[in-house]
Amino acid sequence: MHYSRVVAPAALILALAACQRHAASPKLPPQPVKVVTLRAEPVEIHTMLPGRTEAFEIAQVRPQVSGVIQQRLFVEGTDVQAGQQLYQIDPRVYQAAVDSAQGQLLHAQGNEVTTRAKLNRYGPLLKAHAVSQQEYDDALAAERAAQGDVLSAKGQLERATVDLGYTHMNAPITGRIGRSILTVGALVTANQTNNVAIVTRLDPIYVDVNLPATELLRFRRELAQGRLTRAGDNAAAITITLEDGTTYEHSGRMEFSEVNVDEATATVVVRAVMPNPDRLLLPGMYVHAQLAEGTDPRALLVPQQAVQRNSHGDPQVWVVDADNRVNLRPITVSQAIGTDWLVMDGLKGGDRVVVEGLQKIHSGDTVTPADVSAPAKAG
């Protein structure tokens with residue numbers, strides 16, 4: 001009897017505690033979340049790649065005759081025109097060579113007149129047997145040799161004239177000239193390896209971009225599969241972003257892509273031509289080029305804020321099903337477009353993806369979704 005009186009109150013206390021715990025755990029209401037409903041829409045696909053600017057044309061000014069520089073006829077850092085004289089080399093030696101060649105030509109031409117007249121006289125005399133055949137042949141050979149002397153003298157005169165012209169060192173192309181390496185009074189030699197100045201054409205200018213071979217294959221595969229359609233006249237359009245983050249105001253066009261893959265970098269060089277009327281772009285500048293690939297007619301975009309990463313770095317999103325239950329779904333994305341990711345796999349049109357309230361939900365939870373989808377873009 002004493003033992004029973006002790007047990008009964010203890011059992012009553014345990015029962016009351018259990019009831020209190022049960023009453024303290026009411027069922028929680030569904031977690032409110034905000035979702036977007038995915039809709040397929042046409043999206044222009046671009047690729048952003050690093051690149052370097054290259055001169056459209058560049059020419060090294062070098063002397064083609066030897067002599068002392070008498071004059072510099074340009075201002076460093078200014079634009080020059082093709083054929084504009086840049087330097088004057090002392091021409092006196094070359095002028096003397098021209099004069100000498102002209103005298104040799106006159107002498108040869110005079111000898112030709114004499115031999116031709118003799119040949120013309122020997123023609124009728126040969127028919128009258130007044131001269132022998134040998135004498136006529138000698139006259140003919142002398143006239144032909146005189147013609148050869150005239151041609152040789154003309155060649156010597158032309159060569160001397162060309163050398164005299166080379167004393168005028170002219171701009172080979174139109175462009176902007178840099179600093180002068182040599183000054184007045186310096187001796188230059190024909191075919192020297194060191195340049196005297198450099199002329200660079202800056203408008204237009206090239207932009208060379210290294211496109212990974214895998215990206216090129218993906219691009220061509222998606223075109224072949226019909227996932228992408230060519231962007232018409234804009235298919236070759238390229239825009240660039242400068243090193244300071246500003247967007248260059250002019251757009252260019254793709255000129256060509258290299259036919260071989262660089263084995264060291266596994267890339268293909270894509271060259272674009274950019275207008276450069278203000279000479280803002282200079283050779284060797286680092287830029288980011290945006291290449292227009294085409295248009296995906298049924299692209300799916302998911303907000304970047306909705307995408308989480310697992311421990312392996314793979315993207316995943318919370319999807320609300322028809323019963324308003326959430327499940328974590330792995331997806332595949334390719335590139336960022338604005339504030340969205342372009343979805344390649346894992347989602348379809350009509351899926352509801354959670355964009356707010358992600359931290360308070362777990363797999364299988366029932367939620368109260370509020371759709372905040374923006375109106376679909378016009379295709």
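**Entry 1: D208 and R271**

I started with the side chains of D208 and R271, which a polar contact of 2.7 Å joins. I'm working on a predicted model here. D208 is found in strand β9, residues 197-212. Is D208 buried or exposed? I get a relative accessible area of 17% for D208, so it counts as buried, the limit being under 20%. I then listed what D208 touches, skipping residues up to four places away in sequence: G51, R52, E54, V269, V270 and R271.

R271 turned up again when I looked at rings. R271 lies over the face of Y206, at 4.0 Å from the ring centre. I also noted R309, whose charged end sits over the ring of W341, 5.9 Å from the centre.

**Entry 2: the chain as a whole**

I stepped back for the totals. I count four helices and 20 strands in the protein chain. The chain has 379 residues, and 34% of them count as buried. For contacts with a separation of 6 or more, I find that 76% are between residues 24 or more positions apart.

**Entry 3: the sheet around β5**

Next I traced an open sheet of four strands, and its order is β6-β5-β3-β8 with antiparallel pairing. Which strands stand at the edges? They are β6 and β8 (187-188); each has a single partner strand, so one side of each is left without a neighbour in the sheet.

I went through the pairings one at a time:

- β5 and β6 (residues 168-170) pair in the antiparallel sense over three bridges, and I found H168 in β6 as the bridge partner of Q88.
- β3 (residues 67-72) and β5 are also antiparallel, over three bridges, with I69 opposite I89 in β5.
- β3 and β8 run antiparallel and are joined by two bridges; here G67 stands opposite V188 in β8.

I then checked burial in β5 (residues 85-89). Four of its five residues are buried, so I read the strand as largely enclosed by the rest of the structure.

**Entry 4: aromatic pairs**

How many aromatic pairs are there? I count two. The one I followed up is F74 with Y87: the ring centres are 5.4 Å apart and the planes are at 80°, so the pair is edge-to-face. This pair links distant parts of the chain, as F74 is in the loop between β3 and β4 (79-80) and Y87 is in strand β5, 13 residues apart. I checked burial too, and both F74 and Y87 are buried.

The largest nonpolar core has 27 residues, and V61, V80, L86, Y87, M169, I177 and V199 touch the most other members. I noted the elements that give two or more residues to this core: β2 (41-61), β5, α2 (92-127), α3 (133-166) and β9.

Which residues is V80 in contact with, leaving aside its neighbours within four places in sequence? I have L86, A171, I173, T174, G175, I177 and V199 on the list. Another core lies apart from this one; it has 18 residues, among them I205, Y248, V268 and A272.

Technical notes
Residues numbered from 1 in each chain as written. Predicted model: local features only at pLDDT ≥ 70, side-chain atom pairs only at ≥ 80, totals over all residues. Heavy atoms only, no water. Buried < 20%, exposed > 50% of the residue type's maximum accessible area, 1.4 Å probe, protein only. Pairing = 2+ DSSP bridges. Phe/Tyr/Trp six-rings, centres within 6.5 Å; stacked < 30°, edge-to-face > 60°. Lys NZ or Arg CZ within 6 Å of the ring centre and 35° of its normal. Polar contact = N/O pair within 3.5 Å; in protein donor to acceptor, adjacent residues only side chain to side chain. Contact = heavy atoms within 4.5 Å. Core = buried A, V, L, I, M, F, W, Y, C linked by side-chain atoms within 4.5 Å.
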